[in-house]
Amino acid sequence: MSLQPSLIIWTVICFCLFALVVYRLILKPVLEVMDKREQRVLSARQAAAAAKQKRAEDQKRLAEESRLAAERENALLDERMEARRHEMSLELASLSQEAELRRQKEADGMSERTAEAEREISAAMDGMIAAFTDKLIAGGRG
């Protein structure tokens with residue numbers, strides 16, 4: 001077995017043709033598929049990163065909106081509480097005024113009843129004195 005140059009040349013030519021056929025028919029489509037897959041993976045990673053960033057932004061915005069809503073609700077509750085306090089103070093003032101008027105009316109009524117009672121007592125005393133005096137006069141004559 002000796003090396004024959006023509007056999008080596010034909011072997012190299014066949015190998016090159018085989019490599020070219022394999023490259024064109026198998027390797028090139030496989031590489032294209034792998035490139036496309038790599039592009040899809042990169043796109044998916046970018047989309048995931050964008051979605052993650054959007055989610056973080058949305059969470060920040062939601063937290064801020066929640067905080068603002070809570071502040072508005074607290075402010076509204078404070079306003080309602082202040083309005084209710086004002087209503088209650090007005091109602092208390094009105095009730096105090098009414099109580100004072102009733103007390104004065106009762107005091108005036110007591111004064112009138114006291115004066116009436118004094119007049120009745122005075123009239124009764126005058127009647128008793130007159131009756132006693134009449135008895136004394138009638139008893140002294142008799």
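Here's a quick briefing on the salt bridges in this structure. The model is predicted, so local features need pLDDT of at least 70 and side-chain atom pairs count only at pLDDT 80 or more, while totals for chains, interfaces and linings use all residues. Residues are numbered from 1 along each chain as its sequence is written, and side-chain values use heavy atoms, with hydrogens and water left out. Searching the whole structure turns up 9 salt bridges (a side-chain nitrogen of Lys or Arg within 4 Å of a carboxyl oxygen of Asp or Glu).

**Pairs along helix 1**

- Arginine 67 and glutamate 64 join their side chains in a salt bridge at 2.3 Å, N to O; they sit 3 residues apart in helix 1 (residues 5-141), so about one helical turn separates them (helices are DSSP runs of H or I, at least four residues, numbered from the N terminus).
- Glutamate 82 bridges to arginine 85, with the closest N and O atoms 3.7 Å apart, and this pair is also in helix 1, 3 residues or about one turn apart.
- Glutamate 116 pairs with arginine 119 at 2.8 Å between the closest N and O atoms; being 3 residues apart in helix 1 puts about one helical turn between them.

**Exposure of the partners**

- Arginine 67 is partly exposed at 37% relative accessible area (partly exposed lies between buried, under 20%, and exposed, over 50%, using a 1.4 Å probe and protein chains only), and glutamate 64 is partly exposed at 35%.
- Glutamate 82 counts as partly exposed at 47%, as does arginine 85 at 49%.
- Glutamate 116 is partly exposed, at 36%.

How values were computed: Helices (H or I, at least four residues) and strands (E, at least two) are DSSP runs, numbered from the N terminus.
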